[in-house]
Amino acid sequence: MTQDYRIRPIEPRDDAAVAAIIRAVMPAFGADGPGFAIHDPEVDHMHAAYAQPRCSYFVVERGGVVVGGGGVAPLEGGEPDVCELRKMYFLPAARGIGAGTAMMQRCLDAARAHGFKRCYLETLTGMDAAQALYRRSGFAPICAPMGGTGHHGCDRYFLREL
């Protein structure tokens, strides 16, 4: 299969597209109420949010159009060696083409480069394809949330060693 997408670091011009993706994908999985990342202030300013130390965010482009994204940042309220895989969402045009696996690798490589030793993520029941990707990528389920993300709407938690 020919790769017809590219993954690159987020740029300021991508902010509106990434916010639109987050606001389109999360409600499709019932994740639009209180306690979900859709309400995080950074959603409208992703480039600036991930320009901070030990943070990285990447976008997936197909045909010059941003169709997904994902990143890592220190886990809010967590131990200094733990990062969080954050805001990894894809429009249907980016699904089933290998972009999720490639994005995961890019994010985990960035986490290692930032000096993290573990990567944590939160998700919810019903995001089955995402959870399958997490497991294939070496994440294991854990019983309780870590840190203080404020995403009390999530009910599934995963962690992996880097």
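Which strands does helix α3 lie across, and at about what angle does α3 run to β4? In this predicted model, α3 lies across β1, β2, β3 (65-74), β4 (82-90), β5 (118-123) and β7 (156-161). Its direction is at about 155 degrees to that of β4.

The strands belong to an open sheet of seven, arranged in the order β1-β2-β3-β4-β5-β7-β6 with mixed pairing. At the edges stand β1 (6-9) and β6 (140-142); each has a single partner strand, so one side of each lacks a neighbour in the sheet. On average, neighbouring strands are turned by 30 degrees against each other, direction ignored. Strands of a sheet pair through backbone hydrogen bonds, either parallel or antiparallel. For β1 and strand β2 (residues 56-62), the pairing is antiparallel and extends over four bridges. Within this pair, Arg-8 is placed opposite Val-59 of β2.

Helix α3 itself covers residues 99-113, which makes 15 residues. From first C-alpha to last, α3 reaches 21 Å, close to the 21 Å expected at 1.5 Å a residue. Which residues of α3 are buried? They are Ala-99, Gly-100, Met-103, Met-104, Cys-107, Leu-108, Ala-110 and Ala-111. Viewed down the axis of α3, these buried residues fall within an arc of 160 degrees, so they line one face of the helix. After α3 comes Gly-115, with a positive phi near 90 degrees.

A further helix, α4 (residues 128-136), lies across β4, β5, β6 and β7. The angle between α4 and β7 is about 20 degrees.

How values were computed. Residues numbered from 1 in each chain as written. Predicted model: local features only at pLDDT ≥ 70, side-chain atom pairs only at ≥ 80, totals over all residues. Heavy atoms only, no water. Helix = DSSP H or I, 4+ residues; strand = E, 2+ residues; numbered from the N terminus. Expected span 1.5 Å × (residues − 1). Buried < 20%, exposed > 50% of the residue type's maximum accessible area, 1.4 Å probe, protein only. Arc of directions from axis to C-beta. Pairing = 2+ DSSP bridges. Axes fitted to C-alpha atoms, helices over the stretch in contact; angles between N-to-C directions. Contact = heavy atoms within 4.5 Å.
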